[in-house]
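Visitor: Please take one part of this protein and go through it closely. I would like to know what it is made of and what surrounds it.

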Amino acid sequence: MQGLILLDKGGGITSFGAVAKLRRIYGQKRAGHTGTLDPMATGVLPVLLGRGTRLCSLMLESDKGYTAEFELGYTTDTLDCTGQVLTRSQVWCGEEEVRGVLEHFRGRIQQTPPMYSALRQDGRRLYDLARDGIEVERAPRDVTIHSLQLVAHTGENRYTVDVRCSKGTYIRSLVDDIGAALGCGATMTGLRRTYTAGFDIAECATLEQIEADPSAHLMSADRAVMHLPRADITEAQTSRFMNGGQLMLERVKFHSQAQDGSLVRVYGGQFVGLGQVDEASGMLLVKCLTAGGDGA
């Protein structure tokens, strides 16, 4: 079995825990998610089963969308409301000031990854170092905030923003930076991922919905890479490709132009995997297989 599940992850469960439940539901040993969500966060979590897990790395490059809630007036060590309070400050600003400061965080910005993150330094996860009371220097990195809109003022010092951003953006850090710019601190109190890898939250199902009817929520694995050009091959070519053999580009039927080095979805009646265009050799190379064969 292989396929794609679009999970609406609930709060209070890790991404790993959610995937483990899907393994049990579908009776699969191999399953992988794309783009970890913190336990407190909810929303879109694409999960691939079986040979489809070979496509996971191709889904991490996309932009993401979030709805984030935050409260002004305090900061924590984790940058969200699950952490230990570090500072408390009087809040002098209101909705107008919050709207104004958001302008400074649109476009390409530099962001320092939080200590409580899964990034590694010297072989150790940053969150493991943080739990041991160790803070290390982290190099700022460029991220892009495509859009940042205030969508609700839900309480005296509570706000909700809608964010569309590049991969690698930490919304907790964005909220912390907004609080610092306002001079009163801010802490993320809720996070929902609404978009990732080309999938919207409206397409997703909860664990409860999936468990009630597993087959209704299992999609073909190629849904994960529909943004790639398509190539169709013959039965004989399929046999060769699935055994790791290269194919002559001139004998492959491409549905749209594929540039040198680009990946393509390969179909031999069914989705069989990904190929890579190599114009220098005039061949379609095997990138990975999702049906039969041993593959890469």
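Guide: Two residues are in contact when heavy atoms of theirs lie within 4.5 Å. Helices (H or I, at least four residues) and strands (E, at least two) are DSSP runs, numbered from the N terminus. The model is predicted, so local features need pLDDT of at least 70, side-chain atom pairs count only at pLDDT 80 or more, and totals for chains, interfaces and linings use all residues. Residues are numbered from 1 along each chain as its sequence is written, and side-chain values use heavy atoms, with hydrogens and water left out.

Next comes burial (buried is under 20% relative accessible area, exposed over 50%, partly exposed in between, with a 1.4 Å probe and protein chains only). The buried residues in H1 are Ser15, Gly17, Ala18, Val19, Leu22, Ile25 and Tyr26. An α-helix has 3.6 residues a turn, so residues three or four places apart point the same way. The cover over the buried residues of H1 includes strands S1 (3-9), S2 (31-33) and S3 (42-49), and also helix H5 (207-212). Just after H1, Gly27 has a positive phi of about 65°.

For the setting, 48% of the 296 residues of the protein chain count as buried. Of its contacts between residues at least 6 apart in sequence, 65% join residues at least 24 apart.
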